[in-house]
Amino acid sequence: MSEEFIFGWHAVEAVLKREPERLQAVWIQTGRQDRRVKEVTAALDELGVPWQVVHRRELDERVAGVHQGVVAQVGKSREWSEDDLLAMLEQSDKPPFLLVLDGVTDPHNLGACLRTADAAGVQAVIVPKDKSASLSPTARKVACGAAETVPLVRVTNLARALRNLQQQGVWLIGTAGEAKASLYQADFSGPVALVMGAEGKGMRRLTREHCDQLINIPMQGHVDSLNVSVATGVCLYEALRQRLA
């Protein structure tokens with residue numbers, strides 16, 4: 001059976017709300033009898049999903065991470081392909097607003113980027129299949145439910161995927177410390193994909209060459225770079241500001 005574990009209340013509640021058919025079993029830490037637990041267990045009973053109250057030790061043995069007292073066994077989530085993405089964009093009545101992560105390998109950063117992407121209204125996050133963090137339980141926990149709302153599209157050839165987006169009229173804006181143009185000089189109002197590089201190394205050369213524009217984030221202090229998830233948040237919210245104007 002294809003299955004995986006998720007943990008954390010936001011992640012479990014997101015699956016319960018959006019993809020309840022994936023839930024197979026839930027374990028809740030003993031001692032919790034608050035309203036949140038009662039609402040979740042009532043919904044599980046209505047769905048016929050088995051749940052148990054167990055000691056924390058059993059939860060610790062099932063997953064590695066801060067589980068917040070809840071762990072769920074779920075069926076595999078849907079895998080989004082590049083064809084799925086293009087079909088979704090064709091059916092949407094909104095101009096594309098996408099995030100591309102070129103080799104982000106830390107699951108905490110992936111989860112944080114997904115969470116911000118959801119908040120900013122990004123339609124999908126695109127990552128290469130190789131040398132990229134997977135949607136692990138840790139990434140889902142950090143995403144606080146966004147892993148269930150924002151499609152994560154894994155592509156075999158990122159450069160080709162970027163070319164296909166350009167053919168669909170999507171403007172590719174990449175971030176690079178040496179870029180001459182500032183984030184605040186870029187136009188995010190139309191069909192656009194923000195391209196972020198990997199932790200430390202930034203974008204790969206081929207990815208950089210496919211970008212229509214390179215921008216930097218102005219830095220006024222002593223540090224010369226930001227964590228990729230923080231930088232993604234800064235850029236996405238400037239994009240959102242322009243798109244709401």
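How many bridges join β5 to strand β10?

Tutor: Six bridges join β5 to β10 (residues 192-197), and the two strands run parallel. Before we go on, a word on ground rules: this is a predicted model, where local features need pLDDT of at least 70 and side-chain atom pairs count only at pLDDT 80 or more, while totals for chains, interfaces and linings use all residues. Residues are numbered from 1 along each chain as its sequence is written, and side-chain values use heavy atoms, with hydrogens and water left out.

Strands here are DSSP E runs of at least two residues, helices are H or I runs of at least four, and both are numbered from the N terminus. Two strands count as paired if DSSP finds at least two bridges between them.

Back to β5, which covers residues 97-102. Toward β10, L98 has A193 as its bridge partner. β5 also pairs with β6 (residues 124-128), again in the parallel sense, over three bridges. Over there, L99 stands opposite V125 and V100 stands opposite I126.

Now zoom out to the sheet. It's an open one of seven strands with parallel pairing, in the order β7-β6-β5-β10-β8-β11-β9. Its edges are β7 (152-155) and β9 (181-182), each of which pairs on one side only.

What about the faces of β5? Both are covered: F97, L99 and L101 are buried on one side, and L98, V100 and D102 are buried on the other. "Buried" means under 20% relative accessible area with a 1.4 Å probe, counting protein chains only (exposed is over 50%, partly exposed in between). Because six of its six residues are buried, β5 is largely enclosed by the rest of the structure.

How does that sit in the chain as a whole? Of its 245 residues, 50% count as buried. The chain has nine helices and eleven strands, and its C-alpha trace spans about 55 × 45 × 35 Å along the principal axes.
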